[in-house]
Amino acid sequence: MLLHIGIDDTDSPNGMCTTYIGAVLYRELSKFGEPIDLPRLIRLNPNIPYKTRGNGAVALTFDILEEYVDEAKELVIEKVRELAEINDENTNPGIAFLEGDIPEVLRRFSIKALREHVTIKEAEEISKKIKAEIIKFKLGRGIIGALAAIGYPLDKYTYELLAYRKPENRKKERNVDRESVFKMDERFYPFTYDNVDPYKRTVLITPHGRDPVLLGIRGIDRGKVLQAFEELIIKEEVTLVQLYKTNQSTDDHLVWKKVKDIRLYDNVIVRGKVASKYWEKGRHVFFELEDETGKIRVAAFEPTKKFRNYVRKLIPGDEVIVAGGVKEHEGVLTINLEKLYPVKLVPKVEYRKPKCPKCGGTMKSKGDYLKCKRCGYKMPKILIPIKLPRDLKPKIYEVPPDARKHLARPLVLFGSEEKFVR
Ligand code: ATP
């Protein structure tokens with residue numbers, strides 16, 4: 001019979017990663033039955049406040065003989081109890097088991113957990129309805145992600161290979177040869193992507209926390225992801241390697257909305273007009289967007305670095321499509337930009353004083369007439385409109401790789417503009 005297993009909320013900023021528990025279990029459960037496909041790493045709503053890092057949950061599906069099912073479940077519970085960072089006050093692990101086919105209501109619940117906010121109560125109700133077994137540790141908030149990971153449709157997917165390190169190394173800097181990462185990127189980009197930041201010349205495949213992940217290689221071709229890993233020079237022991245199928249880089253989280261329908265924690269695409277000149281505060285750049293239903297604040301935050309320049313080039317009246325997560329910033333609902341598409345730009349016109357028609361000298365404004373600074377010639381104040389070049393193109397701009405959400409599709413990948421076409 002098919003046994004689906006979902007796990008979430010096992011880590012803290014000080015350690016662990018749900019994908020590690022998933023990788024350990026994928027191997028150990030294989031003695032009870034046949035894995036159906038790869039394990040799944042499902043990213044859920046990136047805007048919800050309880051996440052540790054990327055709001056990732058894990059699901060595994062095995063074809064298991066009925067007589068082994070209880071033993072398999074015991075093993076999952078044991079491993080979560082053993083490996084989860086249970087003592088951290090914000091870690092509230094949850095496990096879900098579902099036997100047989102995946103009901104449509106669970107699919108819908110997953111999509112809700114991807115795009116909106118859901119409660120533990122909703123997760124409990126769903127589990128009753130579909131007869132899924134749930135195991136809660138402490139608050140057990142992890143059952144939300146555990147159930148959502150099982151039910152996620154994963155029609156579009158990419159891959160991530162994760163390599164894990166020895167526990168005694170977890171406080172040390174990750175030891176992966178930098179040059180080998182750049183070489184790997186040269187050979188495999190864009191089949192594997194976000195390996196390096198080419199402008200800052202930094203390595204992106206190694207995270208920075210105390211978790212067990214040594215590195216992660218993201219890609220659209222599973223063969224090439226594996227090959228890319230083989231080419232790296234790694235100078236510390238790798239204890240486990242696992243390839244995951246994932247909804248990362250799919251843009252699945254984004255939903256078209258009108259301004260009036262936008263809610264906290266949504267992930268939206270909105271078309272509208274720039275309603276204000278940009279302003280800056282604390283290195284963040286803001287502007288106001290307006291459609292026929294209302295106005296909303298849009299932000300390019302400091303970590304998006306040079307991307308902020310595109311926002312600075314917008315002027316009132318420009319028609320744009322913006323994509324991003326909705327959070328409260330200083331008490332105001334704000335779209336946190338992931339992508340910006342200036343669709344129609346209004347002409348940028350500057351009014352300049354003419355030269356003196358008599359001597360070619362510079363004219364000075366004197367109330368409603370102009371006076372030549374050189375010969376004193378006076379004339380009515382008629383300014384000349386000058387059309388200035390707009391230094392923006394009608395194309396999609398994206399934030400740099402290190403500021404990108406896991407779910408956001410990098411522009412280099414095929415179909416990255418699909419969500420922007422209605
Ligand atoms: P990592 O990426 O390292 O696995 P994380 O960022 O996934 O860490 P978690 O520790 O898993 O963080 O915490 C996320 C918590 O939020 C989980 O308990 C999960 O069940 C819950 N959650 C996920 N999606 C939603 C949602 N849409 N609404 C409410 N809660 C959610």
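Let's start with R283, which is exposed, at a relative accessible area of 60%. Here, exposed means over 50% relative accessible area, buried means under 20%, and partly exposed is in between, using a 1.4 Å probe and protein chains only. You'll find R283 in the loop between β15 (279–281) and β16 (284–291). Its phi is near 70 degrees, a positive value in a residue other than glycine.

A quick word on the source: this is a predicted model, where local features need pLDDT of at least 70, side-chain atom pairs count only at pLDDT 80 or more, and totals for chains, interfaces and linings use all residues. Residues are numbered from 1 along each chain as its sequence is written, and side-chain values use heavy atoms, with hydrogens and water left out. As for the element names, helices (H or I, at least four residues) and strands (E, at least two) are DSSP runs, numbered from the N terminus.

K131 also has a positive phi, near 60 degrees. This lysine sits in the loop between α4 (120–130) and β6 (133–136), and counts as exposed because its relative accessibility is 73%.

N92 lies between α2 (69–83) and β5 (94–99), and it counts as buried because its relative accessibility is 3%. What does the side chain of N92 reach? It comes to 3.2 Å from the backbone nitrogen of L139. That is a polar contact: a pair of N or O atoms within 3.5 Å, where, within protein, one must be able to donate a hydrogen and the other to accept it, and residues adjacent in sequence count only if both atoms are side-chain atoms.

On to helix α7, residues 222–231. Which of its residues are buried? They are V225, A228 and F229. Seen down the axis, these buried residues fall within an arc of 100 degrees, so they line one face of α7. The arc is taken from the directions from the helix axis to the C-beta atoms. In general, an α-helix has 3.6 residues a turn, so residues three or four places apart point the same way. The cover over the buried residues of α7 includes β7 (158–165) and β12 (238–246), where contact means heavy atoms within 4.5 Å. At the start of α7, a side-chain oxygen of D221 comes within 2.9 Å of the backbone nitrogen of G223.

One last stop: a cis peptide bond joins Y189 and P190, with omega about 0 degrees. P190 is in the loop between α6 (178–188) and β8 (192–193).
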